[in-house]
Amino acid sequence: MRKMENAYTEDKYIESRCIRNITLNSVDYDFLDKIKVIPYLTNDMVLSIDQVASYYEVTTEGIKTIIKRNREEFEADGMVVLRGKELENFKKEIGSVQSEPNILFSSVLTILPKRSLLRAGMIITNSGITKQVRNYLLNIEEQAKTETKLWAIQREVSKIERARMTSAISKYIPDSPHKRFAYPNYTNMVYRTIFNKDAKTMKMERGAKDDDSLRDLLSKEELAKIEEVETIITGLVSMEFTYKQIQQMINDRYMKKLENA
C-alpha cells in the first residue's frame, strides 16, 4: 500500500505541468550535482541534449521526445536552439574543453539550462536517476509540510501567551485614563527588544494590517522569541513592577544575551 502511495505522489511530477512549475520555482537545483557529476558546457551551467541524456542514463532520442512533447515548458526555462553565427560563437566560447564531435561538428545545437535538467528529471519515467530526483523532491515537500505544522503550533502558543500578557495588564495595572496605552506600549517593548523596531514599523515592513496578521507573517523562530519576552513581561506585570522597571529588566536581560552571543 505504501509503495502504491509513493508511486502516486511521484507521478504528480510526471503528469502535471503546474506542479512541475511550482516545484521548479521553490527548490534549489544544486542537489542535482550531488546525485551525479555534471560537466556543464559553460559557467552559465548549460547542457546539450546529449549531456541531459547521459545524466539520466537514457537515450538522446528519448530526451528529444520529451522536449518535443513539452516544448513550451523547456522554452520557458530558457532552452535555446543555436544555428549559424550564434552556434559558431558558442563553439569558440566552449573551446577545446568540449571537443565532442556531436558539438564541434554540428550545424544545429540545442542547449538547456540547469532548470531544464531538473524538469526533464520530473518527466522521464524509465530512469533510476529520475527516481532519485523525484524522491528527493518528495522528501523536500514532506519537510516543508512538517515545518508548516511546527509553525502552526508555535503560532497557537504565541496566541495563548499574548492573551496571558494582555490579561495581566488588564488585571494588575491600576485603572487610569492612561491605562489604554499600556497595551501598545508593552507590544512595542516586545518588538523593540527582538527586532529593534516598533510595531508600526514592523507592520509596514511585513505588509501587515494589524498585530494579529503581523504575527502570521513571522517565522517560527521569531514567534518563539516573542513568546519568550511576553512570558517574562506577563510575570513582571503580575508582580506589579512598573513599566520603567520592566523595561530596564528586559533591556538588561537581552543586552547580556547579545553580548554573550
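The model is predicted, so to speak of local features takes a pLDDT of at least 70, side-chain atom pairs count only at pLDDT 80 or more, and totals for chains, interfaces and linings use all residues. Residues are numbered from 1 along each chain as its sequence is written, and side-chain values use heavy atoms, with hydrogens and water left out.

**Helix 11 against helix 14**

- Helix 11 (residues 182-195) and helix 14 (residues 220-238) have axes that come within 10 Å and cross at roughly 135 degrees. Helices here are DSSP runs (H or I, at least four residues; strands are E, at least two), numbered from the N terminus.
- Axes are lines fitted to C-alpha atoms, for helices over the stretch in contact, with angles running from 0 to 180 degrees between N-to-C directions.
- That angle makes helix 11 oblique to helix 14; under 35 degrees counts as roughly parallel, over 145 as roughly antiparallel, 65 to 115 as roughly perpendicular, and the rest as oblique.
- On the helix 11 side, Tyr186, Met189, Val190, Tyr191, Thr193, Ile194 and Phe195 meet Glu222, Lys225, Ile226, Val229, Glu230, Ile233 and Val237 of helix 14. Contact means heavy atoms within 4.5 Å.
- By class, this contact of helix 11 with helix 14 has 10 nonpolar, one polar and three charged residues. Ala, Val, Leu, Ile, Met, Phe, Trp, Tyr, Cys and Pro count as nonpolar, Asp, Glu, Lys and Arg as charged, and the others, Gly among them, as polar.

**Helix 4 against helix 5**

- The axes of helix 4 (residues 49-56) and helix 5 (residues 60-69) come within 8 Å, crossing at roughly 110 degrees, so helix 4 is roughly perpendicular to helix 5.
- This crossing of helix 4 and helix 5 is right-handed.
- Ile49, Asp50, Val52 and Ala53 in helix 4 meet Thr60, Ile63, Lys64 and Ile67 in helix 5; the residues of this contact split into five nonpolar, one polar and two charged.

**Aromatic pairs**

- Searching the whole structure turns up four aromatic pairs. Rings of Phe, Tyr and Trp (its six-membered ring) pair if their centres lie within 6.5 Å; planes under 30 degrees apart count as stacked, over 60 as edge-to-face and the rest as tilted.
- One of them is Tyr55 with Tyr56, edge-to-face at 4.8 Å centre to centre and 90 degrees between the planes. Tyr55 and Tyr56 are both buried (under 20% relative accessible area; exposed is over 50% and partly exposed in between, with a 1.4 Å probe and protein chains only).
- Tyr191 and Phe195 make a tilted pair, because their ring centres are 6.1 Å apart and their planes sit at 35 degrees. Both lie in helix 11, four residues apart, about one turn of the helix.
- Tyr191 counts as buried at 0% relative accessibility, and Phe195 does too at 17%.

**Two buried residues**

- Arg215 lies in helix 13 (residues 211-216) and is buried, at 4% relative accessible area.
- Leaving out residues up to four places away in sequence, Arg215 touches Trp151, Arg155, Ser158, Arg162, Tyr191, Leu223, Ile226 and Glu230.
- Leu87 sits in helix 7 (residues 84-94) and is buried, with a relative accessible area of 3%.
- With residues up to four places away again not counted, Leu87 touches Leu82, Ser106, Ser107, Val108 and Leu109.
- Leu87 and Ile103 are 16 residues apart in sequence and 9.6 Å apart in space, C-alpha to C-alpha.

Conventions. Left-handed = near helix turned anticlockwise from the far one by under 90°.
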